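Subject: Structure handover

Hi,

Here is the structure we talked about. My notes follow below it.

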Amino acid sequence: MSADNSVGNVSVPLRNLLNSIQCISDRVKDGESNEAEGAFNLANFWNTLNQAVKSVSQEATKLSLAFSKPPLPTQQDVEKLSESLLKSVLTLSTVYYWLPKRQGVSLRRQVREATVEVLEGVTQLLEIILSSPLQGLSQDQLSSTGTVWAACDQFAQLPQDNKAAVLVVLSDQIGVVKDAIEEIQQALSEAQDPFSDVLDDAMEGEESRENQDTYWSERDRLVIGPCQGLMKASAACLRKLTLAVKANGDVTTGQNVAQLDDLADISKEISPGVDDLALCLYPPMDYSGVESNVSTLAALLKKVLGIIRSTHVCGESQLTWVQFLDNAVDHNLQKAKDLIQEDS
């Protein structure tokens, strides 16, 4: 049998496997969980899911090794390897579907993302093997195999319940908001021209730039003050909410699980609001745009604080900071508006 015929023969089961896994991945992205009535054992779910992920990792490794050096595996061997890998992938997707929404949308979303990442990693590995089956273990194939391993390994770090999943969401949001606050603070602390590092006017023969559109005026800096206050209130809200979820978050009732999801969803709106406000503060400052973004972020924070107040994570000790931040939002919003409208 010629090498070309051999390549063609082994490509058929690989192509079929690739198509099957792509279909499974698409269904996992869009599919609903099995909302069967009765008890659901979360510990059993995790144990079975981790075994399924381990199996996918092992079967993907076997397939990669089979194409790591000449000679090519036989068509029969490839069919067996493909069958085993497909079986492990089907098991993984099936176990994922076991996780009902009542265990938490935030938890399910993170498990789904991790599952899809594994399936996409296997898909990429198959595409690389199909593109050059005679080449042996290329750097691309080695890297792709490592990607599958990494995707499988991350299951050990996944949150184990919806409370932990919501804390992951909050941690991510805190990081984004913190970055936005630090960028504005750094720009303010540097030279009067915040774009001096990208608009270098020190070129020989070039006159000193007099474009005031790249500078903050004194009034601009005054307006930025309460805007920063609102951004810091956003960060404080996320930090305090994180502590409240850690202390009081409960996943023993459907209502409490749903409340945690509501908190996660509304908190994800804060960082875009902070980013929008931060971006419009750079010169040339459009005061109407600043006022619009300040009002939007303030309204969002008031909404977030209202939702926190109505959930089980807000006990007596949390009410104090909720009210404090509520007042801080009102104060900074009014101060920003007053400065913007002054002499307008």
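Asp-30 is exposed, with a relative accessible area of 63%. (Exposed means over 50%, buried under 20% and partly exposed in between, using a 1.4 Å probe and protein chains only.) The residue lies in helix α1. Helices here are DSSP runs of H or I with at least four residues, numbered from the N terminus. Asp-30 and Arg-112 are 82 residues apart in sequence, but 9.7 Å apart in space, C-alpha to C-alpha.

Some ground rules. This is a predicted model, where local features need pLDDT of at least 70, side-chain atom pairs count only at pLDDT 80 or more, and totals for chains, interfaces and linings use all residues. Residues are numbered from 1 along each chain as its sequence is written, and side-chain values use heavy atoms, with hydrogens and water left out.

Salt bridges

A salt bridge here is a side-chain nitrogen of Lys or Arg within 4 Å of a carboxyl oxygen of Asp or Glu. By this rule there are six.

Lys-29 and Glu-120 form one of them, at 3.2 Å from N to O. Lys-29 lies in helix α1 (residues 3-30) and Glu-120 in helix α4 (residues 105-131), so the pair ties together parts 91 residues apart in sequence. Both ends are partly exposed: Lys-29 has a relative accessible area of 38%, and Glu-120 has 39%.

Lys-302 takes part in two that I would like you to look at. The side chain of Asp-326 meets that of Lys-302 at 2.7 Å, N to O. Asp-326 lies in helix α11 and Lys-302 in helix α10, so this pair ties together parts 24 residues apart in sequence. Lys-302 also meets Asp-330, at 3.0 Å from N to O. Here too the link runs from helix α10 to helix α11, with Lys-302 and Asp-330 28 residues apart. Asp-326 is buried, at 11% relative accessible area. Lys-302 is partly exposed at 30%, and Asp-330 is partly exposed at 33%.

Elsewhere, Arg-109, Asp-265 and Lys-268 are linked in a network of salt bridges.

Nonpolar cores

I use "nonpolar core" for a set of buried Ala, Val, Leu, Ile, Met, Phe, Trp, Tyr and Cys residues joined through side-chain atoms within 4.5 Å. The largest has 55 residues, of which Met-231, Leu-277, Leu-281, Val-290 and Ile-308 touch the most other members. Helices α6 (162-189), α7 (218-248), α8 (254-267), α9 (270-280), α10 (287-310) and α11 (316-341) each supply at least two residues of this core. The largest share, 13 residues, comes from α7.

What does Val-290 touch? Leaving out residues up to four places away in sequence, its contacts are Val-223, Cys-227, Leu-277, Cys-280, Leu-281, Met-285 and Ile-340. (Contact means heavy atoms within 4.5 Å.)

Another core lies apart from the largest one; it has 44 residues, among them Ala-60, Leu-130, Ala-151 and Leu-158.

Take α10. Its 24 residues should span 34 Å at 1.5 Å a residue, and its end C-alpha atoms are 35 Å apart, which agrees. (The expected span is 1.5 Å times one less than the number of residues.) Its buried residues include Val-290, Val-294, Leu-297, Leu-301 and Ile-308. What covers the buried residues of α10 includes α7, α8, α9 and α11.

Now α5 (residues 139-153). This helix has 15 residues and reaches 21 Å from its first C-alpha to its last, close to the 21 Å expected. Gln-141, Ser-144, Thr-145, Val-148, Ala-151 and Cys-152 are buried in α5. Seen down the axis, its buried residues fall within an arc of 120°, so they line one face of the helix. (The arc is that of the directions from the helix axis to the C-beta atoms.) The face turned away carries the exposed residues Gln-139 and Asp-153. Cover for the buried residues of α5 includes α2 (42-66) and α4.

Cysteines

How many disulfides does the structure hold? Zero, counting a disulfide as a pair of cysteine sulfur atoms within 2.5 Å. For Cys-227, the nearest cysteine sulfur is that of Cys-280, 6.7 Å away. Cys-227 is buried, with a relative accessible area of 0%. Cys-314 is buried as well, at 13%.

Best wishes
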